[in-house]
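Trainee: I have just opened this one and would like a walk through it. Can we take it piece by piece?

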Amino acid sequence: MLLTEDEGVKTFLANLTAQLSEWLEAGKLQRVVLVIMSKATSEVLERWNFSIETDCEVVEKGVSREKSDKEIMREIQAIMRQIASSITYLPCLDEPCIFDVLAYTDKDVAVPFTWVESDPKLIANPQMVKLHSFDTKIHKVDTLVSYKNDEWDEQ
């Protein structure tokens with residue numbers, strides 16, 4: 001596993017995770033999308049979609065759901081293994097790439113001034129692979145990766 005030493009990236013990720021955590025804990029976050037794009041053209045090459053369903057009873061009323069931490073960790077580990085093994089079917093990214101993170105929230109959420117509106121950064125005619133879901137005591141997360149299908153370009 002590689003870790004960044006770039007302070008700008010570290011600061012970006014710290015601010016991102018702090019904001020996402022705030023929205024997640026309030027039950028206001030619906031989806032997080034990691035977009036990987038060509039640095040030269042800004043063309044979207046991969047789109048990692050994490051859809052989040054929040055159990056409103058737990059957030060609003062404090063209702064408790066039974067699920068062991070061990071079971072939750074097992075589900076998260078299964079997704080991590082799937083993500084790691086995705087190299088077997090995803091096209092090789094053989095050019096410099098950049099990334100962005102899109103957050104889909106409830107409409108009534110206050111958006112920090114450092115965040116800007118964005119288009120959904122979709123891929124035309126994508127290949128899609130649905131990965132495992134996981135469920136915590138509060139959130140259910142469905143995962144899907146879309147990627148550019150180079151075969152269409154060759155025809």
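Trainee: Where does Ile 76 lie?

Mentor: Ile 76 lies in helix 3. Helices here are DSSP runs of H or I with at least four residues, strands are runs of E with at least two, and both are numbered from the N terminus. Before going on: this is a predicted model, where local features need pLDDT of at least 70, side-chain atom pairs count only at pLDDT 80 or more, and totals for chains, interfaces and linings use all residues. Residues are numbered from 1 along each chain as its sequence is written, and side-chain values use heavy atoms, with hydrogens and water left out.

Trainee: Is Ile 76 buried or partly exposed?

Mentor: Ile 76 counts as partly exposed, because its relative accessibility is 26%. Buried means under 20% relative accessible area, exposed means over 50%, and partly exposed is in between, with a 1.4 Å probe and protein chains only.

Trainee: And how far apart are Ile 76 and Val 141?

Mentor: They are 65 residues apart in sequence, and 9.7 Å apart in space from C-alpha to C-alpha.

Trainee: Stepping back, how many helices and strands does the protein have?

Mentor: It has four helices and five strands. Along the sequence the pattern is α-β-β-α-α-β-β-β-α. The C-alpha atoms fill a box of roughly 55 × 35 × 35 Å along the principal axes. Of the 155 residues, 28% are buried.

Trainee: Now pockets. How much space lies in the largest pocket?

Mentor: About 1,400 Å³. A pocket is found on a 1 Å grid over the protein atoms alone, as an open set of points where a 1.4 Å probe fits, with protein on both sides within 12 Å along at least five of seven lines; lining residues have an atom within 4 Å of a point. Grid points are joined across faces, edges and corners, and the volume is the space filled by probe spheres set on the points.

Trainee: Which residues lie nearest its centre?

Mentor: Leu 34, Trp 48, Phe 50, Met 80 and Ile 83, out of 36 lining residues. Elements that give two or more residues to this lining include helix 1 (7-25), strand 1 (29-38) and helix 3 (69-85). Helix 1 has the largest share, seven residues.

Trainee: What classes are in that lining?

Mentor: There are 30 nonpolar residues, five polar and one charged. Ala, Val, Leu, Ile, Met, Phe, Trp, Tyr, Cys and Pro count as nonpolar, Asp, Glu, Lys and Arg as charged, and the others, Gly among them, as polar.

Trainee: And what about the second largest pocket?

Mentor: About 670 Å³ of space lies in the second largest pocket. Its lining has 23 residues, and those closest to its centre are Val 101, Ala 103, Trp 115, Val 116 and Glu 117. Strand 3 gives the most to that lining, with six residues. By class the lining has 13 nonpolar, five polar and five charged residues.

Trainee: Changing topic, where is Ser 42?

Mentor: Ser 42 is in the loop between strand 1 and strand 2. Its phi is near 65°, a positive value in a residue other than glycine. At 44% relative accessibility, Ser 42 counts as partly exposed.

Trainee: Is Lys 121 buried or exposed?

Mentor: Lys 121 counts as buried, because its relative accessibility is 16%. Lys 121 lies in the loop between strand 3 and strand 4 (127-135), and its phi is near 50°, also positive in a residue other than glycine.
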